[in-house]
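Colleague: Put the model up, please, and I'll ask as we go.

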Amino acid sequence: MSKVEINRIKVALAETRRKNKWLAEKIGKDESTISQWCTNARQPSLENLLRIANALEVDIKDLLYSTNKADN
């Protein structure tokens with residue numbers, strides 16, 4: 001079974017020129033947790049997704065891949 005890409009946290013970090021370590025410090029999480037979220041090995045809770053969006057100053061929708069087939 002292939003890994004499904006759900007979140008775009010890694011992409012958003014790159015677009016905002018931020019690093020995993022910066023985000024970990026900003027939202028009070030371990031850097032290894034951020035790494036797992038970035039590789040889609042684990043997914044953040046909605047609360048953490050909102051914290052990430054606020055830290056990166058992006059819309060929360062920008063952190064998720066669309067499930068709308070027209071957008072893919």
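Colleague: Asn40 to start with, buried or exposed?
Modeller: Asn40 is buried, because its relative accessible area is 7% (buried is under 20%, exposed over 50%, partly exposed in between, with a 1.4 Å probe and protein chains only). Bear in mind that this is a predicted model, where local features need pLDDT of at least 70 and side-chain atom pairs pLDDT 80 or more, while totals for chains, interfaces and linings use all residues. Residues are numbered from 1 along each chain as its sequence is written, and side-chain values use heavy atoms, leaving out hydrogens and water.

Colleague: Where is Asn40 found?
Modeller: In the loop between α3 (31–38) and α4. Helices here are DSSP runs of H or I with at least four residues, numbered from the N terminus.

Colleague: Is Glu57 buried or exposed?
Modeller: Exposed, because its relative accessibility is 74%.

Colleague: Switching to charges. How many salt bridges does the structure hold?
Modeller: Two, counting a side-chain nitrogen of Lys or Arg within 4 Å of a carboxyl oxygen of Asp or Glu. One joins Arg8 and Glu15, with the closest N and O atoms 3.3 Å apart. The other joins Glu47 and Arg51, where the closest N and O atoms are 2.6 Å apart.

Colleague: Why would such side chains pair?
Modeller: Opposite charges can pair when the charged atoms come close.

Colleague: Where do Glu47 and Arg51 lie?
Modeller: Both are in helix α4, four residues apart, which is about one turn of the helix. Arg51 counts as partly exposed, with 35% relative accessibility. The C-alpha atoms of Arg51 and Leu23 are 9.7 Å from each other, although these residues are 28 apart along the chain.

Colleague: At what angle do α2 and α4 pack?
Modeller: Helix α2 (residues 20–27) and helix α4 (residues 46–56) pack at about 110 degrees, with their axes 10 Å apart. Axes are lines fitted to C-alpha atoms over the stretch in contact, and angles run from 0 to 180 degrees between N-to-C directions. The two helices are therefore roughly perpendicular, a class that covers 65 to 115 degrees.

Colleague: Is the crossing of α2 and α4 left-handed or right-handed?
Modeller: Right-handed, meaning that the near helix is turned clockwise from the far one by less than a right angle.

Colleague: How far is Asn54 from Ile27?
Modeller: Their C-alpha atoms are 9.4 Å apart in space, with 27 residues of separation in sequence. Asn54 is in helix α4 and is exposed, at 53% relative accessibility.

Colleague: Last topic, the surface. Which residues form the nonpolar patch?
Modeller: Val4, Ile6 and Leu64, with about 240 Å² of accessible area together, from the Shrake-Rupley method with a 1.4 Å probe. Patch members have over 30% relative accessible area and no salt bridge, and nonpolar side chains (Val, Leu, Ile, Met, Phe, Trp, Tyr) are joined within 5 Å, like charges within 9 Å.

Colleague: Where is Val4 found?
Modeller: In the segment before α1 (9–15). Val4 counts as exposed, at 52% relative accessibility.

Methods: Angles under 35 degrees count as roughly parallel, over 145 as roughly antiparallel, 65 to 115 as roughly perpendicular and the rest as oblique.
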